[in-house]
Structures are given as structure tokens and as C-alpha cells.
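Please look over the sequence and the model first.

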Amino acid sequence: MRLLQLMRVARLLRLMRAVPVFRTFATTYVSLMPRILPVVGFLVAVMLQFGFIGIELFGGLPVEAFAGTSYAGANYFSLNFNDGAATTSILFALIVVNNWFVFADGFGVASGTMWARAYFVVFWISGVLIGLNIVVATIIDQFSRAVDDLSLIHISEPTRLGMIS
């Protein structure tokens, strides 16, 4: 049974090599790895720095301090700055722009300072607007290089994309 499953995967890989669009994606993925690692490293460094700052500023805030906020209403208590794992979770939630204003409001009320909101806005600017856009730009640039190198995809030839005209 395992051999049969392995043969199905091998067949899929052969198909991906035969279809030009799939070959472009595979080439892009393989050639992207060395170029994306420094960019992802930059994003991780930004998250680490903000994580250390967040632990120092907001670590150990009592749950009662969040009472009456949308943070408490959404039951986000497990997303906090009390330890490294929870800090990673909250920063990942922020990097994918998941209710960052709820976190900013909750930690602003809990800490009693407006600087908490500034922390979340600066992280949003440096992590999302700068860091994540550099990651996306690197991926798009590598894909366009693969398309130019392989000369496989032409907008004027939809049949080469596997589409029926």
C-alpha cells in the first residue's frame, strides 16, 4: 500500500515537470530559498527585538487590569507577554494583522499608558508594512525572474497556462 502511495506522488512530480506553469512554480520555490532566508531572518530579528521590549513593558500584567476592554471580551488572555511562547504567539497574531487594535487598546488600558499603543503601532509599521512587504516583494521578484528565465508564461498565450480559450 505504501508503495502505491509513493508511486502516486512520483506521478504527481512527473506531471509537475511536464506542465510549464508547475515547472515555473517549482523552479521559483527552489531558487527562492537562498534569497528568502536573509529576509525572513530580518523579520525574525524584528520580532525578537519587539518581543524583548514587550516582555519588559507588559510582562506580568494581571488579568484584572484588562477588565472592560475588547481584549477581555475576545478572551485573548493567553496572548500576553508573560513568557517567550506567548510573546511569539501575540507577535505572530500581530504580524498577520489579527485585531492589532484590540491588543493595542487592551494593553494600553492594562498598563495605564498611551505608550503601549505606540508600541503596537510601531511594531505594525516595522513588522507588517516594512518586514512583511519585503518578504512578499522578494517572492514576487523571484517568481518574475523564474518566468523571465524560463520564458514559459506569456499573457498573449492563454493555452500555455493550461486554460481553454
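## Reading the angles

A helix axis here is a line fitted to C-alpha atoms over the stretch in contact, and an angle runs from 0 to 180 degrees between N-to-C directions. The model is predicted.

## H4 and H5

Start with H4 and helix H5 (residues 100–111). They pack at an angle of about 130°, and their axes lie 9 Å apart. Angles over 145 degrees count as roughly antiparallel, and 65 to 115 as roughly perpendicular. H4 is therefore oblique to H5.

Ile90, Ala93 and Leu94 come from H4. Trp100, Phe103 and Phe107 of H5 meet them. By class, this contact of H4 with H5 has 6 nonpolar residues, no polar ones and no charged ones.

## H2 and H4

H4 (residues 84–95) also packs against H2. The angle is about 125°, and the axes are 10 Å apart. H2 and H4 are therefore oblique to each other. Their crossing is right-handed.

H2 brings Leu43, Met47, Phe50, Gly51 and Ile55 to the contact. H4 brings Thr87, Thr88, Leu91, Phe92 and Ile95. By class, the contact of H2 with H4 holds 7 nonpolar, 3 polar and no charged residues.

## The largest pocket

Which elements give two or more residues to the lining of the largest pocket? The pocket has a volume of about 150 Å³. Its lining includes Val44, Met47, Leu48, Gly51, Phe52 and Ile55. Gly84, Thr87, Thr88 and Leu91 line the pocket too. The elements giving two or more residues are H2 and H4.

H2 supplies the largest share of the lining, 6 residues. By class, the lining divides into 6 nonpolar, 4 polar and no charged residues.

## H1 and H2

Helix H1 spans residues 2–18, and helix H2 spans residues 20–58. Their axes come within 5 Å and cross at roughly 100°. That makes H1 roughly perpendicular to H2.

Leu15, Met16, Arg17 and Ala18 form the H1 side of this contact. Pro20, Phe22 and Arg23 form the H2 side. What is the make-up by class of the contact of H1 with H2? The contact has 5 nonpolar residues, no polar ones and 2 charged ones.

How values were computed
Residues are numbered from 1 along each chain as its sequence is written. This is a predicted model: local features need pLDDT of at least 70, side-chain atom pairs count only at pLDDT 80 or more; totals for chains, interfaces and linings use all residues. Side-chain values use heavy atoms; hydrogens and water are left out. Helices (H or I, at least four residues) and strands (E, at least two) are DSSP runs, numbered from the N terminus. Angles under 35 degrees count as roughly parallel, over 145 as roughly antiparallel, 65 to 115 as roughly perpendicular and the rest as oblique. Contact means heavy atoms within 4.5 Å. Ala, Val, Leu, Ile, Met, Phe, Trp, Tyr, Cys and Pro count as nonpolar, Asp, Glu, Lys and Arg as charged, and the others, Gly among them, as polar. A crossing is left-handed if the near helix is turned anticlockwise from the far one by less than a right angle, and right-handed if clockwise. On a 1 Å grid over the protein atoms alone, a cavity is a set of points where a 1.4 Å probe fits but cannot get out, and a pocket is an open set with protein on both sides within 12 Å along at least five of seven lines; lining residues have an atom within 4 Å of a point. Grid points are joined across faces, edges and corners, and a volume is the space filled by probe spheres set on the points.
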